[in-house]
Amino acid sequence: MHRHPTQGGPERGWRRWLPGLVTLRDYELAWLRHDIVAGLVLITMLVPVGIAYAVASGVPGVYGLYATIIPLMAYAVFGPSRILVLGPDSSLAPLIFAVVFSLSGGDPMRAIALASAMAIVSGIICILAGILKLGFITELLSKPIRYGYMNGIALTVLISQLPKLFGFSIDAEGPLRSLWAIAIAIWDGRTNWIAFAVGIGVLALILLLKPNKRLPGVLIATVAAIVAVSLFDLSGRAGVAVLGSLPQGLPIFDIPWIGLADLGPVLIGGAAVALVSFADTSVLSRTYAVRLGHPVNPNQEMVALGAANLAGGLFQGFPISSSSSRTPVAEASGAKTQLASVVGALGVVVLLMAAPDLLKDLPTPALAAVVIASAIGLIEVDDLRRIYRIQRWEFWLSMVCFVGVAALGAIPGIGVAVVIAVIEFLWDGWRPHSAILGRADGVKGYHDITRYPAARLVPGLVLFRWDAPLFFANAELFQERILQAVADSPTAARRIVVAAEPVTSIDVTAADMLAELDDKLRASGVDFCFAELKDPVKDKLRRFGMFDRFGDQGFFPTLGAAVDAYVAAYAVDWVDWEDRHG
């Protein structure tokens, strides 16, 4: 009986880093037929989509196949997911194109060198991040921010493909300038309506067949386009641009040499690619892990994605990511392991070696339609409507990210998204909620008096809750709110107790502020104490020398203990509701 690869404890040694080989070691013969069939079906998607995304990325179509073969092989060895399919992706195309278009000067060899260098940068970043266990970083991008970014990417992709769909070319950089140039070209009558009819027909057919998971819509639509162009000689008679013959042969090992002036844009672009590709891959990987019951390690996922990009970059490829269109095809076709992807990659190899002219009549408008169909699939509307109903400021946050990408372009746009994500992450820490607590009869514990207006306050005692870590950015605000709470006390305050359970950390700046605040409160005759402070935070205060200032009597295990100690010390007339009602 074979042991399931996901059963038992975590793999160690080489097995931890090469999960694909572990799966191969435990491979069951009954899976083979399913993987072969799924791999053959997968070929029908890998070829047209790979070529389409290569063209959308600004490199010759054949490099989309090179970027398919090697990364699939690499992920099959390093990837923790047994079903995820990697390859060129629509969300990365504008990031790659932004660098390639501005630096290549129209030279296809220079374009692929730049794109390959971006793949290497992305791969190295992902591998290092995985080894350092930084797989959590993509979780810093909230759902609204991801929606805004992806909607912006989708619009950017759509705009970039419109000239090919209409059968002309433009010379403009940036989504807004491109849109203006497209409008002028259409107004000037440069549209090739036969090319447009081919492209819009392919797009309509793909979208029409998309709901039927059993039909390979992309394959059917592209084959129909090839047949139409070949049968009616639309290339020669109507000027419809076609792919042409692919060079025969396989990708070779080739280090992409770029100039020093190109290094900055390539590093920025590669880093952007790394962030986007891992965000997409981690979400898709987790989704299928839950669905199929095969748990994956996010850090190993990052290493595997990095290895696939690094290998692709060294073999004439360009940056790749997981595919939300090809992975469902593999699943629906019955794929059991990454062997299905290996079969798909070998099928692409056979095409390049034995039939490079098979796709020579594939029209460029059809490739544009494939990319546009994928971009439409990236657009999220329904969940944004829900977010608008329940949390409007997050909806507008999404819109800011969307406008940033659509107006500035993919790489500046992702910078906007990251900055907004950091601001959003820190905002609650900068301006956290705080509350004055009182004793609400009939309810256990002490609660926010704004929620329980009838709550009773202990005479002379201020119970103050701070709902965030204490650090440099909110230290002054903490001091202001403490002093205000003391000043607003309906009876002269003699002691203030901070309900500190939500305080998960403290830094030097905040510790120095506490010392300053303690001096001010002492000068006013007010004791300064803490309750429910976590032990790790206490340890920090001890290292900062704060225990000598407050002493053991300044820290209470619970709010109840703090109230009891105060009542005993000052002989306050106070009866707890629970004491009265047992």
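Colleague: Is Glu532 buried, exposed or partly exposed?
Modeller: Glu532 is partly exposed, at 25% relative accessible area. Buried means under 20%, exposed over 50%, and partly exposed in between, with a 1.4 Å probe and protein chains only.

Colleague: What kind of model is this?
Modeller: This is a predicted model, in which local features need pLDDT of at least 70, side-chain atom pairs count only at pLDDT 80 or more, and totals for chains, interfaces and linings use all residues. Residues are numbered from 1 along each chain as its sequence is written, and side-chain values use heavy atoms, leaving out hydrogens and water.

Colleague: What is the average pLDDT of the protein chain?
Modeller: The average is 85, and 93% of the residues score at least 70. Residues 1-9 are below 50, and beyond near neighbours in sequence this stretch has 16 contacts in the model. pLDDT is the predictor's confidence in each residue, from 0 to 100, and contact means heavy atoms within 4.5 Å.

Colleague: Back to Glu532. Where does it lie?
Modeller: Glu532 is in the loop between strand S7 (527-531) and helix H22 (535-543). Helices (H or I, at least four residues) and strands (E, at least two) are DSSP runs, numbered from the N terminus.

Colleague: How many residues of S7 are buried?
Modeller: Four of its five, so S7 is mostly covered.

Colleague: Which strands are joined to S7?
Modeller: Strand S6 (residues 495-499) runs parallel to S7, with five bridges. Strand S8 (residues 555-556) is also parallel to S7, with two bridges. Two strands pair if DSSP finds at least two bridges between them. Phe530 in S7 stands opposite Val498, and its bridge partner in S8 is Phe555.

Colleague: What do S6, helix H21 and S7 make?
Modeller: With H21 covering residues 508-523, they make a right-handed β-α-β unit. Right-handed means that, with the strands pointing away from the viewer, the path from the first strand over the helix to the second runs clockwise.

Colleague: New topic. Which strands pair with S3?
Modeller: S3 (residues 434-439) is joined to strand S5 (residues 461-466) by four bridges, antiparallel. Ser434 stands opposite Trp466 in S5. S3 also pairs with strand S4 (residues 446-448) in the antiparallel sense, over three bridges. S3 and S4 form a hairpin with six residues between them, and Gly442 in the turn has a positive phi of about 90°.

Colleague: Why is S3 largely enclosed by the rest of the structure?
Modeller: Because five of its six residues are buried.

Colleague: How many residues are in the largest nonpolar core?
Modeller: It has 104 residues, and those with the most contacts inside it are Val47, Val59, Leu65, Phe318 and Leu352. Helix H3 (residues 29-57) gives the most to this core, with twelve residues. Apart from it lies another core, of 34 residues, among them Trp466 and Ile482. A nonpolar core is a set of buried Ala, Val, Leu, Ile, Met, Phe, Trp, Tyr and Cys residues joined through side-chain atoms within 4.5 Å.
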